[in-house]
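Let's go through a structure together, one feature at a time. Have the viewer ready.

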Amino acid sequence: MRPAPFALGAASLALLLPISAHAATVPAAAPAASAAASGAAHATPAAPTFARPGGRYERPVSLALRAERGTTVRYTLDGTTPTRASRAYVTGRPLRITEDTNVTAVAFRGRHASLPVSAGYLVKTAEKPLARLVVMSDVHIGDHKNNDKKYESFFDTIGSVFPEPDAILSNGDMINDNGDGRGADHRIVSEIFRANLKRKGMDDTQVLLSNGNHDASLADIRANYPRDWFPDAGGGYYESKVKGLHLFTVNTETYNSDAAQRAWLKKRLAELTADPAAARTPVLVQGHRPAPRTTMDGQQAANPLLTEDLSAFPQVMYFSGHSHLNINDERSVHQRDFTAVNDGSMSYVEMDHGYQAVTETGLADRFEAPTAQALFVEVYRDRTEIARVNMAADKHDIYTDGKWSANWQPPYASAGTLSGPTWTVRLKGRTPQEIKKGFTYTDARRNTTAPRFTSARPLSVVGRNKGEKALRVAQAKDDQMVHHYRVDIRDKATGAELLSSKVLAEYYFMPRPGSLDVPVPATKRGARYVARVSAVDAYGNASRTASVVFTG
């Protein structure tokens, strides 16, 4: 998930404070004014505002913030929530953003802190790409009530990056049919998408759909969308062009058993790549299910024959959804014989199973979060750039009052933030062997840098409600991302286990919390315990172990 995420080329951000033109003449001792000032000093400040919105820019961005008088604004550039120890703004010195960056700011007044505010900035040059595509999947729309406002926000975010994308790929699972006859829900998706395309002026944007396992029947898809959104010839697969680039949509629900589909795809790929002059031109393929031995270590993959058929064509960039696995994780891009990219999900994201998360009710088994993500793909003559963008990544539990729900509604403070650095794919060479040698995101080049604790006291024990305790873990740093923490708490005298867990680092929220409070199970009064914690990245690289001793 290369250099540290969201690294910044320059370093200062101006704080613009409103100044009254009559400040010098205000009497010093008016009781009402003193009371107002006293109240303001004890009030929670409003969040800072950014002078320039997040989005895509073709030159460096000079950024200032506005905040209430009497506050101190502190900021981070690494995706974490600012604390009182974070860097303070320097008045009159705008922050110059020269590369892709998330900026997060908090206003502090005394013991009070505002809500954090974040924005993502993609910094490009004036070079024009051949094509711009938004790749999304797993929208799982079933009604207007829970999705109209949500997709207005999502399309606003799309427009902030690509005001008029050349294509939007919705890569399967547009609805949530589970064999219960909900095929007509495709009409709702069509209505929501068409309304937002019109609202945003995306008149020339192609929409291209693939079939997913929750999409009912192919007949339902054909019946409820414009024909040019799903121009298949009967098998749920088809070929199209986006600004001259070839795009193949495959039906991963039938691929392994569909000899005609396999023959069609291999024949067309062979024809397109036969000319040495086309060796470095990417060929885009979308299919709902991941191909085995590719992204996210092959989790939730299907159709081994698809991997086999694409392996002869290193020009292929295969986009897949289905898993809902988040795109913060660097394993979401993978190269061996071709490039495979995970789309994430527009409804909720998943993490690897087998971990726990800190919730309001304590540690709980969680592998889902109500956040939404998409890819923004720019194809240039010599490279393809893939930006990872959050549609919504505010911190929420997927369970509310004991009920599962991914229907968090806007506004989203995290809309348009970046869920990781941009991936850049280059096709170097004229033969398949030469191109593969130039691949970057391979197993052999997997990251081996371990996270590290940078705080002098990374662990401490703090009180919780009703006399309970929590182990506070100051988030470690990593050149990509910290995935989870191995937490082990034992009785110091007997070695008896009190807690053993792998706790997710909440890297899928934006901003990420600066620390995690891991609930400690009931302790014996007066007993001594030792807590040991190590930080682990997505590849299993682990930090040194930090420890703290405390009394029950």
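**Reading helix α3**

Q: Which residues of α3 are buried?

A: Buried means under 20% relative accessible area, with exposed over 50% and partly exposed in between (1.4 Å probe, protein chains only). In α3, the buried residues are D185, H186, I188, V189, S190, I192, F193, N196 and L197. Please keep in mind that this is a predicted model: local features need pLDDT of at least 70, side-chain atom pairs count only at pLDDT 80 or more, and totals for chains, interfaces and linings use all residues. Residues are numbered from 1 along each chain as its sequence is written, and side-chain values use heavy atoms, with hydrogens and water left out.

Q: How many residues does α3 have, and what span does the helix reach?

A: Helices (H or I, at least four residues) and strands (E, at least two) are DSSP runs, numbered from the N terminus. The expected span of a helix is 1.5 Å times one less than its number of residues. Helix α3 covers residues 185-199, 15 residues in total, and its first and last C-alpha atoms are 21 Å apart, close to the expected 21 Å. Just after α3, G201 has a positive phi of about 70 degrees.

Q: What covers the buried residues of α3?

A: Contact means heavy atoms within 4.5 Å. The cover includes the strands β11 (131-136), β12 (167-171) and β13 (206-210), along with the helices α2 (148-161) and α4 (218-224).

Q: Is R388 buried or exposed?

A: R388 counts as buried because its relative accessibility is 0%. This residue sits in strand β25 (residues 384-392).

Q: Which partners does the side chain of R388 reach?

A: A polar contact is a pair of N or O atoms within 3.5 Å; within protein, one must be able to donate a hydrogen and the other to accept it, and residues adjacent in sequence count only if both atoms are side-chain atoms. The R388 side chain makes such a contact with the side chain of E330 at 2.8 Å, and it reaches the backbone oxygen of P421 at 2.7 Å.

Q: Where is A105, and what is A105 in contact with?

A: A105 belongs to strand β8 (residues 101-109), and A105 is buried, with a relative accessible area of 0%. Leaving aside neighbours within four places in sequence, A105 has contacts that include P48, F50, L65, Y75 and V117.
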